[in-house]
Amino acid sequence: MMKSLLRVTPAPTSVIAFHFHQSPFSLSSCRHNFSLLWSNHKIKIMPSSSKTLMDFFPQSNPDRKSKRLKTTSTDNGSLHSITPLSLSSGHGGCSASASLPNEPSSDAPCLTAEQKSRMEFSKSLAKAKRNLRMCSEKVQNSKVKGGNGYVKLEELLVENSWLAALQGEFEKPYAKNLCKFVETEMCCGDLPIYPPQHLIFNALNSTPFDKVKAVILGQDPYHGPGQAMGLSFSVPEGIKIPSSLVNIFKELKQDLGCSIPSHGNLERWAVQGVLLLNTVLTVRHHQANSHAKKGWEQFTDAVIRTISEKKRGVVFLLWGNSAQEKSRLIDGNKHHILKSAHPSGLSANRGFFGCSKNLQAKVYARVLVPSV
């Protein structure tokens, strides 16, 4: 099967060229950034065992400091600041300022593809930061006004594209019951609830509906202090990388040959179109699956079904039995469904390791290069 779809052809010594009979697909990782790229039915990977995952992310040129985007993140997973400095094409002095990501540039025709890509990334990151700030302010304002800090669930989904795509979902009986349950747990329960309120819908608020290119399904959030940030498999910088994510990085390293990153914050994947969605979005402290079967599954089913019905060509990565049950919601004639064992320490050796070897043979129409 692999031979009919993939053949390796000679190339310059520093380049490996993969030619596909159908449109190509490759899974790889660099510095927590997922890039989806077309390359005229050819993938060129620059192999180097000394490269880090960041080296594959074309956000900035290390030899051109003026092109860098300065970003920082807080230890709870929030995006703290973004300062695009300047973009210069290097041809005839043509340049464009990216200080205002949403402002059109009169010099746009002079921008290179790399510069346009960086500007698009800057816009997406700024939008995710804005959405996160809006949620944080709602929680803070509730406390300032004498409340208990609780904000209704429906008010914490602020990304307009998802509000339109899921219109009326919060009005359904199951959703109203879910909202009451979460409110009782947060306001009257004895145990902390994760993630923090402003991060409950972080996956949807960081990855707009119209930008979704891939979906990675998780189960429920991490249930330890400071771990959950509303993105499946992701933890804030400074938090020990969970075994599942370590195994994901190992598989990506095997695919690309680049080194494993020092942290597990995947927010840059999210802003580039990878929806990191758990099937249950809240959990009690140290009680896995404590918020299962309370209504979250119906809500996230609606998210998956909406993507399947209203979009085309999305790559769904379903790791483990729980995620694979969701394949019933996905139209396999319109989308690409990849199944494997879960990357947890208990099951990774039973089918997760080595799964990337099958990706090129199973998926076409897109090239998926996750950069961490």
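P195 is placed in the loop between β9 (193-194) and α6 (202-206), where helices (H or I, at least four residues) and strands (E, at least two) are DSSP runs numbered from the N terminus. The peptide bond from Y194 to P195 is cis, with omega near -5 degrees. The structure is a predicted model, in which local features need pLDDT of at least 70 and side-chain atom pairs count only at pLDDT 80 or more, while totals for chains, interfaces and linings use all residues. Residues are numbered from 1 along each chain as its sequence is written, and side-chain values use heavy atoms, with hydrogens and water left out.

An open sheet is formed by 4 strands in the order β11-β10-β13-β14, with parallel pairing. From one strand to the next, the twist averages 20 degrees. Two strands are taken to pair if DSSP finds at least two bridges between them. In general, strands of a sheet pair through backbone hydrogen bonds, either parallel or antiparallel.

Strand β10 (214-218) is joined to β11 by 5 bridges, and the two run parallel. Within this pair, L217 has L277 in β11 as its bridge partner. With β13, β10 pairs in the parallel sense over 3 bridges, and I216 stands opposite L317 in β13. Strand β13 (residues 315-319) is in turn joined to β14 by 5 bridges, again in parallel; here F316 stands opposite I337 in β14.

Of the 5 residues of β10, 5 are buried, so this strand is largely enclosed by the rest of the structure. Buried means under 20% relative accessible area, exposed over 50%, and partly exposed in between (1.4 Å probe, protein chains only). A214, I216 and G218 point one way from β10, whereas V215 and L217 point the other way, and all are buried.

Helix α9 (residues 296-310) lies across β10, β11 and β13 and runs at about 150 degrees to β11. Contact means heavy atoms within 4.5 Å. Axes are lines fitted to C-alpha atoms, for helices over the stretch in contact, and angles run from 0 to 180 degrees between N-to-C directions.

N289 has a positive phi of about 65 degrees although it is not a glycine, and at 46% relative accessibility N289 counts as partly exposed. K293, also not a glycine, has a positive phi of about 60 degrees; at 78% relative accessibility, K293 counts as exposed.
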